[in-house]
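Thanks for coming. Please look at the sequence and the structure first, and then I will go through a few places in the fold.

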Amino acid sequence: MAEEGCVIGDVRCNTSACADDVTLNSGKPGKTSVLISMAETFANYERYILQPKKTEAHKVVTSSRKEIVEEDFEIYGNKITNTNICTHLGLKRSHTISSTAEQNVDNNIQKARRTVYSFMSSCFYGAGGLDVPSILHTLKMHIILILLYGLEIILPKKTQIDKLEIFQKRILKQLLVLPSSTPDIAIYSISGLLPVKIQIHKRALIMNNNVCLQSKSAVERRIAVRQLTIKSNKSASWFVDIRKLFWLYELGDPEDLLESPTEKEHWKRTVNRTIDDIWLKQTIAESKTMKTLQNLNMNMVKPRKPHPLLQQQAVSTYDANRQLLKLKFMCGKYILQSDRASFSKNKVDDTCRVCYKSPETLQHMVLECSGLSAVRDPILRDIESEIEKSFLCLWQSYTQDQKVTALIDCTVLYKKHKLSKVECQILHKIDFQCRRLFFTLHTKRFKIF
């Protein structure tokens, strides 16, 4: 097949194969028939049979050919089916680049949704199901991998990325039993997940380095050299899009990487570190403008890692429900009477419905409401006792607002960005008591209502 089929410049790219999945590429019907005949001859020589029923002919619209002209081809004397959409290595291919991206995005979303449903028999859902760490682990290891499969090759445009982003955020909020109005940076900060766009960009940059690591005679590397040398920034070439990603994340020029490739793991760490730092700075800056996130310690946010308080598995299903409730306080989405008054433009009274003495704010509910003191005070003493074991006299020095923040996110007790295993264990003990407090207050409050 050396002299037949498609070329990109002077690079012959007439075939692509992985295991038993093969494509034959040609720009002319006559040469396509020759390629098929050569494939038959080689299959006979090696004593295997090509599957006529699985073989498909697919026409692609190029810049020089706007119309699709159907041609008939045969294999083993059987007519090859002409298709509008074909599948190769799990990726769908349509007539144009844009329709190909749309087909794969929709297909990935459909497969990811089906995967979520298939896991529900294993308690993969919010209230009454798995605990938060198990949910996040399953989401990362299965659902997200299926959702983003192959998209680093296609690099979808903004419209398709928005579809993926909406799906990821909706699934994450539903599994964590958070309202749809929860800020996006809140769910990404506590879960350790990154936006879809960033995840795809990372994968594409890492794949580009894999191309650079190939031998100089490899087809993919020769195409990379050719496209980066000849094509302008207006080109739709994949390598031109990669160049734009290099500039976007200040990683230098792709030509430099092509000349001196970096070891795979080293480049992967470089890409992760650079992009993570950019995302983290933007997230922290944006969180400072959101009042609902004032009780979430953003100093503990680490890209690709869950919040420290969500890394400890719940001791029971009952405790898993406590975790989910506490997430609402961490994200500022637990609705109090003062919030209802604010939403209704003060048409609703903001007075506490438990004690009827003062407005029901977060501080009032957690520390001051006399109607909840019977269930609150014993747990508060347990929390204070746990804190005093490791932070002598710290609790007494806190103001009421600081105490509320510490109860919601006890990582503020440590004035640092990184915690040791021993420090995490101490915080997990304190947070267990804090979860008890918020769940007990919530239950008592609704029983009174």
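Threonine 411 is buried, with a relative accessible area of 0%. Buried means under 20% relative accessible area, exposed means over 50%, and partly exposed is in between, with a 1.4 Å probe and protein chains only. This is a predicted model, where local features need pLDDT of at least 70 and side-chain atom pairs count only at pLDDT 80 or more, while totals for chains, interfaces and linings use all residues. Residues are numbered from 1 along each chain as its sequence is written, and side-chain values use heavy atoms, with hydrogens and water left out.

Where is threonine 411? Threonine 411 sits in the loop between α17 (400-408) and α18. Helices here are DSSP runs of H or I with at least four residues, numbered from the N terminus. If we leave aside neighbours within four places in sequence, threonine 411 is in contact (heavy atoms within 4.5 Å) with Asn297, Met300, His307, Pro308, Leu309 and Leu427.

Now the cores. A nonpolar core is a set of buried Ala, Val, Leu, Ile, Met, Phe, Trp, Tyr and Cys residues joined through side-chain atoms within 4.5 Å. The largest one has 104 residues, and those with the most contacts inside it are Leu139, Leu205, Leu327, Leu407 and Leu413. Helix α18 (residues 421-448) gives the most to this core, namely eight residues.

Take leucine 205. Not counting residues up to four places away in sequence, leucine 205 touches Ile242, Leu245, Phe246, Tyr249, Leu251, Trp267, Val271 and Ile275.

On to the rings. Rings of Phe, Tyr and Trp (its six-membered ring) pair if their centres lie within 6.5 Å; planes under 30 degrees apart count as stacked, over 60 as edge-to-face and the rest as tilted. By this rule there are eight aromatic pairs. In one of them, phenylalanine 246 and tryptophan 267 are stacked, at 5.7 Å centre to centre and 20 degrees between the planes. Phenylalanine 246 belongs to helix α9 (residues 238-248) and tryptophan 267 to helix α11 (residues 264-287), so the pair ties together parts that are 21 residues apart in sequence. Both phenylalanine 246 and tryptophan 267 are buried. Elsewhere on my list, ring pairs link Phe329, Tyr334 and Phe438 into a cluster.

How values were computed
Helices (H or I, at least four residues) and strands (E, at least two) are DSSP runs, numbered from the N terminus.
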